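Subject: Structure handover and findings

Dear colleague,

Please find the structure below for your use. My notes on it follow.

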Amino acid sequence: MQFKTVAVTGMGTVTRDAVGLQALWRHLLAGGALPAPPTYFDSAGFRSQNTYTVDPQALWQRQLQSCWPASPALYQRLPCAGYGWLAAREALCQASLDNVDISCMGLSLATTSGGSMDSFASGGTTEDARYGALSSAAYLLAELLQLGGSVSVFSCACVSGAAALSHAFERVRQGDTPLMLAGGCDQVREADFAGFNALRAVAPDACRPFDENRKGMVMGDGAAMLVLEDLEHAIARGVRPLAIFRSFGLAADGHHLTAPNPDGLVRAMRQALAGTEGIPGYINCHGTGTQANDSSELLAMQQVFGSEPSEQVVSSTKSSVGHLLGSAGALEAVLTINVLREQCVPPMTTCNQPMATMNFRLPMRDRALPVVTDWAMSNSLGFGGLNGSLIFSRPSGNNPI
């Protein structure tokens with residue numbers, strides 16, 4: 001069987017501080033912003049009060065009045081589907097698919113809870129069962145975008161985004177479909193926030209990945225969507241790919257429900273690297289800023305790439321956008337690709353004292369760090385010992401576009 005080459009031809013994002021990838025990239029290059037209390041529930045009674053949550057009402061007023069194809073009541077019923085729709089529209093437009101028949105396109109969506117937390121919070125009295133299901137956001141996106149291909153939903157903790165992208169990659173690579181829309185959308189709920197506070201995994205002030213004084217993660221809302229396309233199909237349409245999706249690795253360490261073990265990520269990275277000829281010059285880490293994650297992730301990278309001082313650049317973008325839970329891997333895949341496109345890594349302004357065992361290069365605190373590389377990796381770790389690794393490359397200059 002001759003496998004297809006999988007190109008990324010469109011990307012879109014929604015985060016607290018920026019709607020659209022260009023706006024987000026400018027925001028990251030400027031150093032990001034600190035978290036703040038959420039607007040749609042009261043966090044004052046919790047140990048840690050801050051988030052990177054979107055204000056759904058403000059987003060509706062600013063972005064959706066003229067173009068949202070459904071009623072405001074529908075958007076308000078399931079905001080995370082609205083985030084996904086905005087990101088999807090941007091991705092489809094960038095891929096020159098906004099006015100094209102996409103009835104063959106499938107959807108592979110990552111989410112933490114879809115609409116199930118809405119149903120739980122309302123006592124299970126949801127009028128339409130579609131809105132209360134884990135897959136509700138995917139149902140709505142497929143309906144609103146009129147997608148006629150397969151619809152798959154992944155909810156495997158913080159590896160959901162990597163899993164959704166991996167599934168879409170295989171669908172295109174094996175020739176099942178020339179087009180897949182893949183990514184994730186999530187909204188923080190008070191129950192989620194309470195759970196992570198109970199675990200003492202949330203930072204009281206800011207997320208400080210790979211810092212000696214790191215104290216935990218900060219949760220965030222948003223979405224990221226990517227158009228994955230058979231490269232030959234894209235070339236025939238006259239579309240130049242943004243990146244080539246080269247490979248992935250997925251592995252479980254089977255160690256502990258919440259405590260990571262380097263073994264699983266080591267195997268996921270080695271799986272991803274096995275089918276590639278390039279070494280990633282940039283690695284977008286899971287980098288939650290918790291004591292356990294950052295130590296384990298650094299040890300895993302040292303086992304794969306070596307423990308001697310390295311020119312490879314690593315960073316975590318969670319210090320600027322928050323942890324989007326199930327959607328984090330999708331957003332970080334987009335940002336990894338943008339590092340390849342722009343050949344620079346945004347600053348990590350909250351990393352004041354890098355870990356003493358850090359042997360990779362970290363970006364600067366006050367400005368972007370130039371990087372020269374054709375290959376990049378994005379890693380995700382999740383509860384249950386789940387691990388994912390994705391590898392992307394810059395398109396070859398010889399593509400016959």
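Leaving aside its neighbours within four places in sequence, which residues is Leu228 in contact with? In this predicted model, they are Val6, Ala7, Val8, Leu165, Ala168, Phe169, Val172, Pro178, Leu179, Met180 and Phe245.

Leu228 also belongs to the largest nonpolar core, which has 42 residues. Within this core, Leu228 is among the residues that touch the most other members, together with Val8, Met11, Leu226, Phe245 and Phe392. Helix 13 gives the most to the core, namely nine residues. A second, separate core comprises 31 residues, including Ala87, Leu141, Leu181 and Val227.

Turning to helix 1 (residues 21-29), its buried residues are Leu21, Leu24, Trp25, His27 and Leu28. Because they cover an arc of only 160 degrees around the axis, they lie on the same side of helix 1. Gln22 and Arg26 are exposed, and are carried on the face turned away from that buried side. The buried residues pack against strand 1 (6-14), helix 4 (79-94), helix 12 (318-321), helix 13 (328-342) and strand 9 (344-345). Just after helix 1, Gly31 takes a positive phi of about 105 degrees.

Finally, Asp294 lies in helix 11 (residues 291-305). With a relative accessible area of 0%, Asp294 is buried. A polar atom of the Asp294 side chain lies 2.7 Å from the backbone nitrogen of Phe210. Leaving aside neighbours within four places in sequence, the contacts of Asp294 include Arg208, Pro209, Phe210, Arg214 and Met355.

Yours sincerely

Methods
Residues are numbered from 1 along each chain as its sequence is written. This is a predicted model: local features need pLDDT of at least 70, side-chain atom pairs count only at pLDDT 80 or more; totals for chains, interfaces and linings use all residues. Side-chain values use heavy atoms; hydrogens and water are left out. Helices (H or I, at least four residues) and strands (E, at least two) are DSSP runs, numbered from the N terminus. Buried means under 20% relative accessible area, exposed over 50%, partly exposed in between (1.4 Å probe, protein chains only). A polar contact is a pair of N or O atoms within 3.5 Å; within protein, one must be able to donate a hydrogen and the other to accept it, and residues adjacent in sequence count only if both atoms are side-chain atoms. Contact means heavy atoms within 4.5 Å. The arc is that of the directions from the helix axis to the C-beta atoms. A nonpolar core is a set of buried Ala, Val, Leu, Ile, Met, Phe, Trp, Tyr and Cys residues joined through side-chain atoms within 4.5 Å.
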